[in-house]
Amino acid sequence: MRARAAKPKKQLDIAAERIAILFEEAEKEFAAHPERADAHARAAKRIALKYNVRLPRALKEKLCKKCGKFLKKGANAKVRLSGGCLTVICASCGARQRYRFK
Ligand SMILES: [Zn+2]
């Protein structure tokens with residue numbers, strides 16, 4: 001089946017911008033209101049899905065794929081390097097996400 005027609009370029013740009021803003025907000029809120037940070041991160045993910053845009057790798061690493069929590073390295077996420085892989089481990093659900101690393 002053919003993929004759904006892409007949305008207009010302008011909408012995609014706006015979507016990418018909103019995602020970036022949401023992650024910025026999540027970063028700011030994380031210390032005082034972690035649950036708000038989670039909500040921002042989830043909203044960003046929803047926008048990415050709706051507009052079929054990729055979450056940039058740097059932002060993707062900040063979202064747990066399993067429980068949808070906002071991950072901050074050193075706070076609620078552990079980062080391990082091994083065998084050419086960067087592993088981000090979520091502290092609340094224990095999910096591991098691996099990324100290629102060179
Ligand atoms: Zn998790």
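Among contacts in the chain between residues at least 6 apart in sequence, 42% connect residues at least 24 apart. This figure, like those that follow, comes from a predicted model. Of the chain's 102 residues, 20% count as buried, and the C-alpha trace spans about 40 × 35 × 20 Å along its principal axes.

Three helices and three strands make up the list of elements, and reading along the sequence gives the pattern α-α-α-β-β-β.

The strands come together in an open sheet, ordered β1-β2-β3, with antiparallel pairing. Because β1 (77-82) and β3 (96-100) each have a single partner strand, they stand at the edges, and one side of each is left without a neighbour in the sheet. From one strand to the next, the twist averages 20°. In general, strands of a sheet pair through backbone hydrogen bonds, in either a parallel or an antiparallel manner. Here, β2 (residues 85-90) and β3 are joined in the antiparallel sense over five bridges.

Attention now turns to the nonpolar interior. Nonpolar side chains tend to be buried together in soluble globular proteins. In this model, the largest nonpolar core has 16 residues, and the members that touch the most others are Phe23, Ala26, Ala41, Ala44, Phe70 and Leu71. Helices α1 (9-29) and α2 (34-50) each supply at least two residues of this core, as does strand β2.

With neighbours within four places in sequence left aside, Phe70 is in contact with Ala26, Phe30, Ala37, Asp38, His40, Ala41, Lys62 and Leu63. Two of these partners, Ala26 and Ala41, are themselves among the core residues that touch the most other members.

One backbone detail in a loop also deserves a look. Most residues other than glycine have a negative phi. Asn52, by contrast, has a positive phi, near 55°. Asn52 belongs to the loop between α2 and α3 (57-60).

Definitions and conventions
Residues are numbered from 1 along each chain as its sequence is written. This is a predicted model: local features need pLDDT of at least 70, side-chain atom pairs count only at pLDDT 80 or more; totals for chains, interfaces and linings use all residues. Two strands pair if DSSP finds at least two bridges between them. Helices (H or I, at least four residues) and strands (E, at least two) are DSSP runs, numbered from the N terminus. Axes are lines fitted to C-alpha atoms, for helices over the stretch in contact, and angles run from 0 to 180 degrees between N-to-C directions. A nonpolar core is a set of buried Ala, Val, Leu, Ile, Met, Phe, Trp, Tyr and Cys residues joined through C-beta atoms within 7 Å. A residue is buried if 20 or more other C-beta atoms lie within 10 Å of its own, exposed if 12 or fewer, and partly exposed in between; C-beta atoms are placed from the backbone. Two residues are in contact if their C-beta atoms, placed from the backbone, lie within 7 Å.
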